[in-house]
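Here's a quick walk through a model, section by section. Have the viewer open as you read.

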Amino acid sequence: MLSLLLIVVAVVFAFQAIRARGLIASALWLAGVSALTALVLYLYGAHTLAVIELSVGTGLVTVLFVLAINIAGDNPMAAGWIVPLPLAIGVSVLFVLVLGWFVLSALPAPATASGETVFSDIFWQGRGLDVLVQVVLIFSGVLGFLGLLAEVKAPLGGSLAESVTSGRDLELKALEEQLLEEPESPE
Amino acid sequence: MNLSPFTIGLIGVVGLLGVGFYGLLVSRNLIKIVVCLQILAKAALLALVAAGQAAGQIDLGQSLALTVIVADTIVAVMGIALGVQIRRRTGTLDVRKLSSLRG
Amino acid sequence: MVGVLSLLVIGLPWLGAAVIWLAGDRRPRLLHGLAVGFSVLTGLAALAMLPFASSSASVRIPFGGVLGDFSLVPDGLGVFIAAIAAVVGSLAVIFATDYMRGHNEQLSRFYALILFFIGAMVGLGLSGSLLFTFFFWEITAFCSYALISFHNDDPRAVAGGVKALIMTQLGGIGLLAGSLLLYSYQGNYQINQFLANAGTFPAGVLGLMAFGCLVAAAAKSAQVPFHSWLPDAMEAPTPVTALIHAATMVNAGVYLLARFYPAFQGVPGWRLAVMIVGAASALLAGLMAVAADDIKRVLAYSTISQLGFMVYAVGSGAIFASQFHLLSHAIFKALLFLSAGALITSLGTRDLRQMGGLGKKMPFVQAVFVIGALGLVGLPIANGFFSKDLILEGGLAGGPAWLYILMLFSVGVTALYSLRLVRMIFAPQAGNGRGPEPTHDGLPAMRVSLAILAVGTLTSWLVGGPFGRMLATTLPAQHLQAESTWALVGQILVNPFTWVTLAVIALGFSLWAARKYFARPAAVLKPLAESGLGFEWLNRQIVSLTQRAATFLQRFQTGQLNWNVAGILGGLILILILLAGVR
């Protein structure tokens with residue numbers, strides 16, 4: 001029952017994350033969702049995973065968001081949705097109903113635990129290829145991150161920038177230079 | 001209705017997926033989009049672990065879920081980096097204005 | 001032994017293509033020599049396979065899983081198609097060494113594509129697995145496109161190539177669908193197994209496969225209503241036209257129909273549909289040939305018409321007759337196209353109205369062209385006579401009489417446009433000296449190919465008996481009966497309908513002689529024939545419809561993330577509903 005309560009609260013937190021006005025608030029609600037998920041994972045018996053999820057999902061990702069919001073700025077957006085709100089609500093509810101029906105109409109019989117397994121054995125030996133994949137992912141992610149955040153000398157053709165901005169570039173550049181004082185990477 | 005732990009987990013999965021997709025439909029800020037992607041990732045984690053527990057192979061479920069965490073964190077990182085870069089070049093994070101891939 | 005030969009006959013031209021492509025364009029004489037060498041070797045290897053034809057697979061390489069076994073079955077049909085492709089291919093390459101003189105840029109691309117094509121065509125004939133037949137089919141379609149648009153700075157050539165590609169590929173989809181259906185009901189792609197067990201397939205599936213096969217064959221062999229790509233493909237260099245669009249690739253459709261005839265003959269309506277497609281093509285294309293003024297277009301329409309004869313023969317059950325005519329047609333049509341190539345390089349024009357009176361100035365070309373025309377018309381000294389009469393006999397025995405009368409009419413039309421062609425080019429009183437002067441009467445390499453093909457036109461009917469025996473012994477599913485050459489000849493000469501055919505031919509000739517009296521109706525009908533009898537308009541409608549649908553669908557690509565997600569979500573809901581429904 002505790003898991004059910006935690007899950008319901010997590011769903012509510014997630015909904016709040018979407019509805020939040022500011023981006024920092026949104027990131028904090030997300031951190032709450034991550035923490036609750038980690039608790040639920042622990043209650044399921046996935047102890048190692050819960051710890052990892054707590055540190056990565058709640059800690060690392062939230063810090064990343066805060067960093068990004070600092071760089072990108074927390075300006076409020078103009079109101080108005082692209083997809084009309086009733087349609088969005090309708091499609092999401094329909095999706096939940098269909099998925100719920102699909103999933104809950106064919107529940108498997110509970111199986112017994114297949115002996116004592118050690119997580120590290122399964123992770124490093126049984127799913128060794130996954131470890132390799134993760135290493136490659138992390139490596140490429142870091143490279144991509146550095147590449148994407150590199151300073152560019154000259155802007156692009158300018159048409160997209162011109163059609164959208166109105167002089168915020170100068171402010172932004174000053175702010176960036178202020179924040180990113182330590183050299184992040186060579187070009 | 002019997003509420004086995006697996007069923008509870010599935011309720012969580014369906015709920016988080018629904019909220020996450022609703023957020024993707026409704027959010028206009030690029031950073032919020034990344035937040036919604038993270039919500040979807042939590043749902044995936046729950047699904048894997050719940051299935052692992054129901055099948056009696058919790059450690060296998062954990063291993064797979066760990067890969068999901070790594071992958072989704074990298075996705076969040078890339079999304080944020082893209083968002084920052086877009087903000088620098090076009091000055092806005094509003095997806096309504098970022099539609100140059102029009103047909 | 002046969003296994004080695006089968007692999008050689010595909011591998012040699014492909015090796016040659018790779019070698020030539022790597023050799024580059026700097027030494028044209030080396031390229032000419034390499035191309036001729038490889039193609040002649042392939043021709044010899046293919047001919048060497050003829051005595052060893054058998055109905056069991058000579059090569060079998062398992063590719064496992066979905067791809068099945070790659071098998072080469074050198075049965076009568078297979079080695080026959082392979083021999084034609086290789087031999088006519090080598091003659092076309094020999095001709096091309098003189099034709100391409102002065103076009104040394106990208107010569108390596110030209111020869112490499114031709115050799116690549118020869119290997120693929122041979123593979124198509126020999127393949128015993130329907131999936132690999134499809135692969136070879138696609139390779140020939142690609143080579144055809146690349147060679148038609150060989151002069152890719154000419155927009156008409158490129159347009160012709162693209163049109164050929166699109167129309168034949170639509171047929172290729174039918175072939176792929178057929179092979180997948182075969183796999184799902186049989187577990188593998190082996191054609192011989194299918195032919196033996198066709199009766200065990202459910203009737204609906206067999207019908208679907210049969211008509212899919214007809215569509216694929218009609219598109220590839222340029223039959224009505226998929227014929228309009230062939231006249232536009234005449235932008236290709238003439239050796240290419242002779243090889244691909246007269247002797248080999250367009251015969252792939254007829255080959256497909258003949259090979260699968262035992263399986264599909266029981267499908268209700270299939271045989272009649274095949275016969276109608278053949279007869280319609282024969283007649284309509286013949287009428288269009290009477291009106292055309294470009295020498296290659298006339299020959300293109302003539303090819304469509306003759307292929308119609310072959311398709312008609314398959315539909316009526318006369319498989320041997322259709323293959324025999326395929327042999328005759330490959331030889332005399334290649335001869336006609338190559339002589340047209342000699343004319344074109346000598347005069348610099350393709351327009352018939354600018355030719356005339358060339359009989360005295362180009363005696364060699366006139367002689368071989370007339371021999372080819374004799375084969376086309378079907379006069380008793382050339383091979384066309386025997387094969388065409390066998391077709392008509394078979395058609396009368398196996399099909400309705402009204403179709404036979406239409407075919408007879410087509411024979412007359414054939415005589416008409418052939419005589420028109422010969423007279424407009426060579427007759428002393430035709431033309432009024434306005435046309436260009438010929439610069440040569442067939443260059444040496446051209447003469448070699450032309451002479452060999454002319455001899456072939458006059459003598460290939462002699463192999464009728466052994467050919468029939470080879471087909472009968474190696475194609476058990478077809479239940480063919482073999483007879484010796486002289487028995488066949490006797491049969492033809494004794495048949496009263498042969499004389500009817502000859503009379504119709506004479507009638508066709510006389511129509512040309514009396515053409516002054518038909519000048520007024522001819523002038524009215526000519527624009528209709530030139531526009532392809534309405535099929536060009538149909539093609540343009542289909543193209544504009546596709547473009548309008550694409551423009552309409554563009555509106556759904558908003559480029560906005562939220563709408564894209566909505567689309568993804570909608571699709572996901574649909575899939576879930578489908579999956580839940582299936583469960």
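What follows covers confidence, a helix pair, a chain contact and some loop residues.

## Ground rules and confidence

This is a predicted model, where local features need pLDDT of at least 70, side-chain atom pairs count only at pLDDT 80 or more, and totals for chains, interfaces and linings use all residues. Residues are numbered from 1 along each chain as its sequence is written, while chains are lettered from A and ligands numbered from 1 in the order in which they are written.

Chain A has a mean pLDDT of 82, with 83% of its residues at 70 or more (pLDDT is the predictor's confidence in each residue, from 0 to 100). Helices (H or I, at least four residues) and strands (E, at least two) are DSSP runs, numbered from the N terminus.

## A helix pair in chain C

Take helix H3 (residues 76-99) and helix H18 (residues 444-459) of chain C: their axes come within 7 Å and cross at roughly 155 degrees. The axes are lines fitted to C-alpha atoms, for helices over the stretch in contact, with angles running from 0 to 180 degrees between N-to-C directions. H3(C) and H18(C) are therefore roughly antiparallel (the label for angles over 145 degrees).

Among the residues making this contact are C:Leu91, C:Ile94 and C:Phe95 of H3(C), and C:Met446, C:Val448 and C:Ile452 of H18(C). Contact here means C-beta atoms, placed from the backbone, within 7 Å. By class, the H3(C)–H18(C) contact has ten nonpolar, two polar and one charged residues (Ala, Val, Leu, Ile, Met, Phe, Trp, Tyr, Cys and Pro are nonpolar; Asp, Glu, Lys and Arg charged; the others, Gly among them, polar).

## Where chain C touches chain A

Here 13 residues of chain C are in contact with ten residues of chain A. On the chain C side, they split into nine nonpolar, three polar and one charged.

## Loop residues in chain C

The loop between helix H8 (203-220) and helix H9 (229-232) of chain C holds C:Pro225, which is joined to C:Val224 by a cis peptide bond with omega about 0 degrees. C:Ala222 sits in the loop between H8 and H9 of chain C, and has a positive phi, near 55 degrees. Most residues other than glycine have a negative phi, and most peptide bonds are trans. C:Ala222 counts as buried because it has 28 C-beta neighbours inside 10 Å (buried is 20 or more, exposed 12 or fewer, partly exposed in between, with C-beta atoms placed from the backbone).

C:Ser58, in the loop between helix H2 (28-49) and strand E1 (59-62) of chain C, is also buried, with 23 such neighbours inside 10 Å. C:Ser58 and C:Pro74 are 16 residues apart in sequence, yet 6.7 Å apart in space, C-alpha to C-alpha.

Definitions and conventions. Parallel < 35°, antiparallel > 145°, perpendicular 65-115°, else oblique. Contact = placed C-beta atoms within 7 Å.
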